[in-house]
Amino acid sequence: AGFAVAVGGVAVAAPAANVASVPRGRGQLTVVAATRPLSVLKRIRKSSKQNAYNKDVKSYARNRVKKLMKAVDAAAQAESQDLEAVEAALSSAYSALDRARVKGVFHKNTVARKKSRISAAVKKLKVSKGVLAGSD
């Protein structure tokens with residue numbers, strides 16, 4: 001009779017005779033022989049960790065862009081011409097996008113497109129506030 005073994009968040013079906021658990025580091029290393037090569041199991045573990053890391057970096061960058069757009073909307077509604085919050089959010093968004101690019105999470109053209117769009121939104125705000133002259 002066989003049973004399933006969870007390896008790196010992925011269920012692997014294996015017969016009982018082909019499974020051995022070995023104490024290793026922080027937990028148990030489950031070795032499944034003849035079902036999948038050990039290199040495949042390691043790639044499953046690695047890709048799971050990489051996926052979680054990439055997801056964190058990507059969501060951080062997206063949240064910085066959302067924060068900037070909220071700051072732009074709030075500044076557009078406000079009476080004052082104080083744009084310090086927008087400038088700080090713009091710097092933070094650029095930094096997050098550049099970091100995601102360096103880490104290989106976003107393609108360089110994706111980052112360029114996003115930066116172009118958010119800078120256009122900030123420029124539009126500055127023109128509407130009279131801080132920057134329009135380019136007609």
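Val-65, Leu-68, Met-69, Val-72, Ala-75 and Ala-76 in helix H1 meet Ile-118, Ala-121, Val-122, Leu-125 and Lys-129 in helix H3. Sorted by class, that H1–H3 contact has ten nonpolar residues, no polar ones and one charged one. Keep in mind that this is a predicted model. Two packed helices are described by the angle between their axes and the distance between the axes, so let's go through the pairs that way.

**H1 with H3**
- H1 covers residues 38-77 and H3 covers residues 108-129; their axes come within 10 Å and cross at roughly 10°.
- Angles under 35 degrees count as roughly parallel, and that is why H1 is called roughly parallel to H3.
- If you look at the handedness, H1 passes H3 in a left-handed crossing.

**H1 with H2**
- Here the axes of H1 and H2 come within 9 Å and cross at roughly 160°.
- Angles over 145 degrees count as roughly antiparallel, so H1 and H2 get that label.
- H1 passes H2 in a left-handed crossing.
- On the H1 side, the contact is made by Tyr-53, Val-57, Tyr-60, Ala-61, Arg-64, Val-65, Leu-68, Ala-71, Val-72 and Ala-75.
- On the H2 side, you'll find Ala-85, Val-86, Ala-89, Leu-90, Ser-92, Ala-93, Ala-96, Leu-97, Arg-99 and Ala-100.
- By class, the contact of H1 with H2 has 17 nonpolar, one polar and two charged residues.

**H2 with H3**
- H2 runs over residues 84-102, and it packs with H3 at an angle of about 175°, with the axes 9 Å apart.
- H2 and H3 are therefore roughly antiparallel to each other.
- From H2, the residues that meet H3 are Val-86, Glu-87, Leu-90, Ala-93, Tyr-94, Leu-97, Asp-98 and Arg-101.
- Their partners in H3 are Lys-108, Val-111, Lys-114, Lys-115, Ile-118, Ser-119, Val-122, Leu-125 and Lys-126.
- Count up the classes and the contact of H2 with H3 has nine nonpolar, one polar and seven charged residues.

Methods:
Residues are numbered from 1 along each chain as its sequence is written. This is a predicted model: local features need pLDDT of at least 70, side-chain atom pairs count only at pLDDT 80 or more; totals for chains, interfaces and linings use all residues. Side-chain values use heavy atoms; hydrogens and water are left out. Axes are lines fitted to C-alpha atoms, for helices over the stretch in contact, and angles run from 0 to 180 degrees between N-to-C directions. Helices (H or I, at least four residues) and strands (E, at least two) are DSSP runs, numbered from the N terminus. Angles under 35 degrees count as roughly parallel, over 145 as roughly antiparallel, 65 to 115 as roughly perpendicular and the rest as oblique. A crossing is left-handed if the near helix is turned anticlockwise from the far one by less than a right angle, and right-handed if clockwise. Contact means heavy atoms within 4.5 Å. Ala, Val, Leu, Ile, Met, Phe, Trp, Tyr, Cys and Pro count as nonpolar, Asp, Glu, Lys and Arg as charged, and the others, Gly among them, as polar.
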